[in-house]
Amino acid sequence: MAPWKGRWYPVRRLIVLLLLTLSLPICAQEGLRYRIQLWMRGDEQAMEARFRLQSTAGTRSHNKVQKPRMGGWRLEADRTEGTPYAQAMLLGRAERLLYLAGPSPQTRPEPIALRFGSRSLPVWSLEIPRGLHASTVLVEVAPKLLVLCDFSVRFEQGDIARLELHLEGLDSIAGLAPAEAGTTLLSTLQAWVREAGQASESTVTVR
């Protein structure tokens, strides 16, 4: 199998799932609408929450010379849906898995687009560090502005067995802008790789 085919397969599989399951009603509110699901090891039913991501403006310092500052994001949970009492924990997890930035060395455009209502958005893939059982799809919502569309990861050890994050809809996105911590997903993936390596070393030591 050619190397590019192996890299493209998990992206293609996620895109097929998105096309089969995506339902996108049009709303008046701004931002990106997500659903996060988390399966604890041994549990058949996932905890889940739905939330909206919106951009926030950058803060201004008190210095005479004002350097340009990137903004951030705000996550607003849908209190009417999801697992009771788990929303704060799930939003804390989701915040470390989001992407709201321009292209990075780990991203590359793919020859396909996803349709969200009347919008057709180019698809980008993101390189997953070796050793992680994960798949990611990004979409370009504005010129050189990528957001997370679909993320899935499985863990062989630990309390969490599986975690998924899906973009369910995008409403008015005129206010979306790259965030200062917009590539936090990349650092989270690297942290997981380090944790997995430490766990393996610990297992070998015990033996």
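User: Which residues of helix α2 (residues 87-95) are buried?

Analyst: The buried residues in α2 are Q87, L90, L91 and A94, where buried means under 20% relative accessible area, exposed means over 50%, and partly exposed covers what lies in between, computed with a 1.4 Å probe on protein chains only. The model is predicted, so local features need pLDDT of at least 70 and side-chain atom pairs count only at pLDDT 80 or more, while totals for chains, interfaces and linings use all residues. Residues are numbered from 1 along each chain as its sequence is written, and side-chain values use heavy atoms, with hydrogens and water left out.

User: How do you know that the buried residues of α2 line one face of the helix?

Analyst: Seen down the axis of α2, these residues fall within an arc of 100 degrees, so they line one face; the arc is that of the directions from the helix axis to the C-beta atoms. The elements that cover them include β1, β2, β3 (72-77) and β9 (160-170). The helices (H or I, at least four residues) and strands (E, at least two) named here are DSSP runs, numbered from the N terminus.

User: Why is Y34 called buried, and why is F51?

Analyst: Y34 has a relative accessible area of 1%, so it counts as buried, and F51, at 4% relative accessibility, is therefore placed in the buried class as well.

User: What makes the aromatic pair of Y34 and F51 a stacked one?

Analyst: Three aromatic pairs occur in the structure, and in the one formed by Y34 and F51 the rings are 5.5 Å apart centre to centre, with 20 degrees between the planes. Rings of Phe, Tyr and Trp (its six-membered ring) pair if their centres lie within 6.5 Å, and planes under 30 degrees apart count as stacked, over 60 as edge-to-face and the rest as tilted, so the pair of Y34 and F51 is stacked. Y34 lies in strand β1 (residues 32-40) and F51 in strand β2 (residues 47-56), so the pair ties together parts that are 17 residues apart in sequence. Elsewhere, ring pairs link F151, F155 and W192 into a cluster.

User: What shows that β1 and β2 are paired, and which other strand pairs with β1?

Analyst: Two strands pair if DSSP finds at least two bridges between them, and seven bridges join β1 to β2, which run antiparallel. Along this pairing, R33 has R52 of β2 as its bridge partner, and R35 stands opposite R50. The two strands form a hairpin with six residues between them, and G42 in the turn has a positive phi of about 95 degrees. β1 also pairs with β9 in the antiparallel sense, over nine bridges, with L163 of β9 as the bridge partner of L38. On its part, β2 is joined to β3 by six antiparallel bridges, where F51 is partnered with A77.

User: Why is β1 described as largely enclosed?

Analyst: Seven of the nine residues of β1 are buried, so the strand is largely enclosed by the rest of the structure.

User: Which members of the largest nonpolar core touch the most other members?

Analyst: They are L32, Y34, L53, V139, V141, F151 and L165, out of 50 residues in this core; strand β8 (residues 145-154) gives the most to it, with seven residues. A nonpolar core is a set of buried Ala, Val, Leu, Ile, Met, Phe, Trp, Tyr and Cys residues joined through side-chain atoms within 4.5 Å.

User: Why is T188 called buried, and what does it touch?

Analyst: T188, placed in helix α3 (residues 184-206), has 10% relative accessibility and so counts as buried. Not counting residues up to four places away in sequence, T188 touches R96 and L97, a contact being heavy atoms within 4.5 Å.
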